[in-house]
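Visitor: I would like a close look at one part of this model, namely how its charged side chains pair.

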Amino acid sequence: MFETTLRYNSLNNKHAVEGEYPRYDSLIIDGKMLAYSKKALPQFIKNLCQERSLDYYVEPIISDFRTGGDFRYPDGTIRGWYDNYIDELGDPLKQTLFESDNVDPRRLDEETIRGISRSVILYQENFIANQLMEESAKYEDVDPDEVMPKAVVPWHHRINEEADLGPNRTILDTAAAEATISLKPCIHTTKSFIRDSTHRTGLVELVNDYDVDECFLLVEELGKHNTYESTYKDVIDLIYDISEVGVVPHFYYGDYFSNLLSYFGLGGTTYGVMYGEEYTETTEYSEQSGMLLRYYVDQIKDFLKVPAAVELMRRTSTEMCDCDVCQRHFDDWDDIVSLQESDDVLMNHLQKHYVEQRWRHARQVEEEPFDDVVSKLEADRQEYVAPYSSARQISPNKDFDYLPRWIHAVKERSELVN
């Protein structure tokens, strides 16, 4: 099975997460959102666990504190959800952020690293069960085992230099000693670091030194519009090497390319209900203006503004999307444009459409041979590149070059296909 993990990091995404639960295998829940919504989210998890034996993870967000000040107000105090999360974890995280601007393990003593790592594990294993027992124990029994996450995800520190490996070992040593359930560590690194084969070997050795069956892999800024073919080949090599030592890697953020990696040993991918396909570390706070209404065009494996998507579909005489969501709500492409006046309703539909498309991608790579999938990508590229380039409502700065980069990279590494 190629595991699809849906990222739940905004309460605005509730409709898609709850409405599309048959179309993802597991959830990863933002740790600070869980701390904020400490009554509703545990109950939601319990309900889904009972209804479909939901697998879920809790995302540790300690890496958000590594650098910058986007988690603080201008006066230096901690922002909303972060403050809730820090209160739940307590010291030494709380004291560290009181005394210092950031939590960079390369600048912390070993005892502090171990203490924070321990609190992350305890939070993930116990918070939901404790909240449920506190809220409902008077009325019904709560079995902690029924609401336990699938695995613990330890705090992960970005690996951009060899010196970053040491703090990660301290974190993982602590997690291995403290966790009562399986670990699923996240190897968090950068495109520049994995360019060197000896660095990739170091990452493989790091994950192989712990008794784990699976791991997450986070390569920063692996966006389709700013990643070279050579980097994609580096990623394929890393995926293949990790899988060869008996550990199944899963992408922590992934676009369609991550599905192609299943042929090289990737066991799953994680994404949000809209976007959430890549990760870039932030250092400064910016006001959130809400999600833009964009439609995921499966033929190009990317989002376009609604009018641009409709123009492209018309130019190519493409029939209305046959996913369940579009078939229920849209008779033709004009219906999507007309719904823009009702942003919330349309956003719910667009989110659910995307979740269904990603579910289909996972099923595709499970069921179809590598050559057939690549041939389909090549055919879509051939059919859509000219209309894409000439569409008036698609920005000339928005390129379609990622698709041939994906195709060339996987073909260049085809001898590694499982």
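Visitor: Which residues are linked in a network of salt bridges?

Guide: This is a predicted model. The network of salt bridges links Glu 20, Arg 23, Asp 322, Asp 324, Glu 356 and Arg 360. In total, the structure holds 36 salt bridges. Side chains of opposite charge can pair when their charged atoms come close.

Arg 118 counts as partly exposed because its relative accessibility is 32%, and Glu 178 is partly exposed with a relative accessible area of 32%.

Another salt bridge is formed by Asp 209 and Arg 169, whose closest N and O atoms are 2.9 Å apart. Here Arg 169 sits in helix H7 and Asp 209 in the loop between helix H8 (197–208) and strand S5 (214–220), 40 residues apart. Asp 209 has a relative accessible area of 48% and is partly exposed; Arg 169, at 28%, is partly exposed.

Lys 224 and Asp 302 also meet in a salt bridge, at 3.6 Å from N to O. Lys 224 is in the loop between S5 and helix H9 (229–244) and Asp 302 is in strand S9 (residues 302–305), so this pair ties together parts 78 residues apart in sequence. Both Lys 224 and Asp 302 are buried.

Key: Residues numbered from 1 in each chain as written. Predicted model: local features only at pLDDT ≥ 70, side-chain atom pairs only at ≥ 80, totals over all residues. Heavy atoms only, no water. Salt bridge = Lys/Arg side-chain N within 4 Å of Asp/Glu carboxyl O. Buried < 20%, exposed > 50% of the residue type's maximum accessible area, 1.4 Å probe, protein only. Helix = DSSP H or I, 4+ residues; strand = E, 2+ residues; numbered from the N terminus.
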